[in-house]
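Take a look at the fold below. We will walk through it step by step.

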Amino acid sequence: MNWVLNNLDLIGRLSLDHLRLSLPPIIIGFIISVPLGWLAYRFKLTRGFLLTAAGILYTIPSLALFVILPPVLGISFLSELNITIALTIYAIAIMARSVAEALDSVDPAVRQSATAVGFGSWRRFWVVEFPLAGPVILAGLRVTVVSTVSLVTVGALIGIQSLGYLFTNGNERRIVFEVLAGVVMVVIIALLLDALLAFIGRKLMPWAPRRAKVEKTDLRGPIRRAGVA
């Protein structure tokens, strides 16, 4: 316990580094996953290919991916860009399937209603389909956040400063409290980001159920806001 009290500044600095490394893959992965998920939903021929490819990418061990990417992309093995790209790939692997399944869960009758009142495909997607798919997409994003925050720790094995340093250094020096401090801070960061997403989801999607069950989602909220019903 004395180690923790004597190294609060180190823990705080590594926590900020960990958070900084976690956010870009989450954000970039989400942005890329929306069109990929739409393609998987919209075109049945591409659905199997895209979702299978995403599943295969997620099975690649993270450390192996950190080793493969630098020579392929021409970047430094010790670059933070290496871990950012790798974790973005994992984020896409999770989110693309979530977006496709979320869009597929939207009631076809709602789409037909939106089309009947004059919504074009582009406007219908952003005003009707995407908001209705929001609760499922948010659930996938929350899983992505927890997964990404956890995987950032592996970067310590290639020299990237994060809370993973406390794992490797604590293990080498046999300091149990150092390892525990790393574990606790990773969990805290994941929980805080998850709680933030849940809060944003409740504010942006008041029609969404508090406990995510797609079959019980109230489909009328975004339709009222769009003026369809």
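The walk goes from confidence to one helix, then to the cores and the salt bridges.

This is a predicted model: local features need pLDDT of at least 70, side-chain atom pairs count only at pLDDT 80 or more, and totals for chains, interfaces and linings use all residues. Residues are numbered from 1 along each chain as its sequence is written, and side-chain values use heavy atoms, leaving out hydrogens and water.

Start with confidence. pLDDT is the predictor's confidence in each residue, from 0 to 100. The protein chain averages 87, and 90% of the residues score at least 70. Over residues 212-220, pLDDT stays under 50. It is also below 50 over residues 222-229. Where pLDDT is low, the predicted coordinates should not be read in detail.

Now find helix H4, residues 62-73. Helices here are DSSP runs (H or I, at least four residues), numbered from the N terminus. H4 has 12 residues and reaches 16 Å from its first C-alpha to its last. Which residues of H4 are buried? They are Ser62, Leu65, Phe66, Leu69 and Pro70. Buried means under 20% relative accessible area, exposed over 50%, and partly exposed in between (1.4 Å probe, protein chains only). The face turned away carries the exposed residues Pro71 and Val72. Helices H5 (80-104) and H7 (121-151) are among what covers the buried side chains' residues. Just after H4, glycine 74 takes a positive phi of about 75°.

Next, look inside. A nonpolar core is a set of buried Ala, Val, Leu, Ile, Met, Phe, Trp, Tyr and Cys residues joined through side-chain atoms within 4.5 Å. The largest has 38 residues, and Trp3, Ile137, Val149 and Leu166 touch the most other members. H7 gives the largest share, 11 residues. Apart from this core lies another, of 13 residues, among them Leu21, Leu65, Tyr90 and Val154.

Finally, the charges. A salt bridge is a side-chain nitrogen of Lys or Arg within 4 Å of a carboxyl oxygen of Asp or Glu. The count comes to 6. In one of them, arginine 20 meets aspartate 17 at 3.4 Å, N to O. They are 3 residues apart in helix H2, which means about one helical turn separates them. Aspartate 17 is buried, at 17%, whereas arginine 20 is partly exposed, at 40%. Glutamate 129 pairs with arginine 124, at 2.9 Å between the closest N and O atoms. Glutamate 129 is buried, at 4%.

Technical notes: Helices (H or I, at least four residues) and strands (E, at least two) are DSSP runs, numbered from the N terminus. The expected span of a helix is 1.5 Å times one less than its number of residues. Contact means heavy atoms within 4.5 Å.
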